[in-house]
Amino acid sequence: SSLQPVWRRVAMAAGNDGFSEVVLSWTAGREWAVQIFGALSLVALICAFVRSWTDSSDGASQGNSKQRAEYFAFRRSYLCVYGVVMLADWLQGTHMYTLYSKYAGTNGNVSVGTLFFTGFMASGILGTFTGPMVDKYGRKKACLVYVALEVVINLLEHLNFMSMLMVGRVLGGISTSLLFSAFEAWMVTEHRHLGFPEEWISQTFGQGAVLNGMLAILAGFIAQVSADQLGDIGPFQLAIALTVLAGLLILPWRENFGSGGTGEEAEAQGGLGFAWGALTRQRALILVGTVYALFEGAMYTFVFNWVPTLARALGGFDVFGPVQGLLFSCLMASISIGGEVYNFASRVASVETIGVAILLTATASMAVPVYCDVNDCRSGAFNVQFAAFLIFEVCVGAFQPCMATLRSKYVPDALQSTINNIFRFPLNMLVASGTMLSDWFSPCVVFTLLSSAHGIATLSQMMLAMTARGKAVEAAAAREKRA
């Protein structure tokens with residue numbers, strides 16, 4: 001194999017030829033997957049280097065040096081917490097299905113499908129009501145509540161009782177809502193309170209997407225080591241320690257309630273009724289929520305379908321199994337690349353326009369499995385579909401900071417958590433339905449539905465882009481008139 005000389009030279013340079021034999025033994029039969037992962041990781045590193053270099057060179061033109069230093073310190077503070085909680089979240093996801101399956105094997109009352117369905121439903125229903133409480137009582141407090149809930153949830157995962165696992169999934173629905181609303185709401189409001197330029201919010205979200213992809217790869221390796229040592233419960237035990245660490249890192253944060261106000265001010269401006277009124281009055285908010293729900297609902301459905309699709313194309317699970325972890329790492333590396341792509345694109349195009357490009361690409365990539373099924377790609381089916389899935393994950397990596405920036409732009413500060421959780425209600429209903437699509441329909445139909453969902457999201461994003469462009473033209477005309 002072409003990999004052998006490379007690994008042997010690396011090992012010999014380290015003075016350990018035995019290491020070379022171990023690596024060669026591990027990569028035997030899956031050299032191609034290692035090469036793809038290495039290539040994608042190299043691309044991600046190059047993108048990160050170029051972005052870091054351009055960030056430093058652009059620093060003089062955007063804000064003074066003191067303000068930039070303060071912003072970087074603030075961003076590090078937020079991303080440290082974000083990184084720890086996301087790593088803990090990824091660790092749980094790697095072995096949750098395996099753990100529940102083993103519980104089900106020894107306890108007939110445990111239903112894996114019911115547990116996952118309950119989690120998505122709880123997040124959709126209960127999350128709608130947690131949003132106003134986050135805005136009313138404070139985002140920092142909500143982040144600390146998330147930490148406490150995650151510790152309890154991961155302790156409950158140790159118990160092979162359906163009732164206790166169900167309690168954990170219900171609490172997990174609440175914690176998921178907090179994870180995807182409270183932290184973001186705190187960061188956006190604090191960013192504005194500190195007086196940083198609005199466009200720097202997009203940079204923070206872009207860095208978060210890159211970090212998330214890197215941590216997903218790391219989580220796979222750490223989870224495997226902890227599972228080897230402690231069993232399938234190992235990743236959950238490690239997640240407890242990481243979550244406690246996140247809580248300690250959150251403690252120095254300053255509390256905020258939206259718009260830099262007090263709890264009473266947030267309460268006066270907040271509530272589900274007020275948030276719903278804001279949604280119905282602002283067409284842009286409805287479009288943002290539609291794009292968010294459709295893209296992420298389809299994305300989570302894709303998560304349940306990429307493995308069987310690629311396994312069929314490669315010749316079955318016996319062939320696919322040895323490379324599954326590596327292919328997952330390739331997909332996660334693509335997310336990091338997508339975050340960097342967004343960082344570059346945000347410098348030359350509006351966030352609305354970037355969103356259109358992302359969604360068009362996602363629509364096309366999800367149509368590729370349909371094309372292969374209809375036209376019988378035969379021996380090339382795996383290569384074509386895997387390439388499409390890599391492109392889709394690049395879209396996922398770019399979409400995350402793009403959508404977060406759209407939410408920060410269009411959602412009022414005082415209603416950040418409330419409206420974001422309203423957006424997540426239809427999203428979770430779509431995910432709950434999507435988990436069962438493969439039981440009802442053929443893969444061709446499933447990917448047709450996914451591509452259609454992205455297509456509708458693309459149309460909604462185009463409408464949002466046209467609305468934003470129209471407002472920009474009106475604002476420019478008004479400035480010229482005043483001049």
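A salt bridge (a side-chain nitrogen of Lys or Arg within 4 Å of a carboxyl oxygen of Asp or Glu) joins Asp 232 to Lys 102, with 2.8 Å between the closest N and O atoms. Asp 232 lies in the loop between H9 and helix H10 (234-250) and Lys 102 in helix H4, so the pair ties together parts 130 residues apart in sequence. Helices are DSSP runs (H or I, at least four residues), numbered from the N terminus. Asp 232 is buried, at 14% relative accessible area, whereas Lys 102 is exposed, at 53%; buried means under 20%, exposed over 50% and partly exposed in between (1.4 Å probe, protein chains only).

The model is predicted: local features need pLDDT of at least 70 and side-chain atom pairs count only at pLDDT 80 or more, while totals for chains, interfaces and linings use all residues. Residues are numbered from 1 along each chain as its sequence is written, and side-chain values use heavy atoms, with hydrogens and water left out.

The whole structure holds eight salt bridges. In one of them, Arg 407 pairs with Glu 184, the closest N and O atoms being 2.4 Å apart. Arg 407 belongs to helix H18 and Glu 184 to helix H8 (residues 182-193), so this pair ties together parts 223 residues apart in sequence. Both Arg 407 and Glu 184 are buried. Glu 198 forms a salt bridge with Arg 192, also with closest N and O atoms 2.4 Å apart. Glu 198 is partly exposed, at 40% relative accessibility, and Arg 192 is partly exposed, at 24%.

Notes
Helix = DSSP H or I, 4+ residues; strand = E, 2+ residues; numbered from the N terminus.
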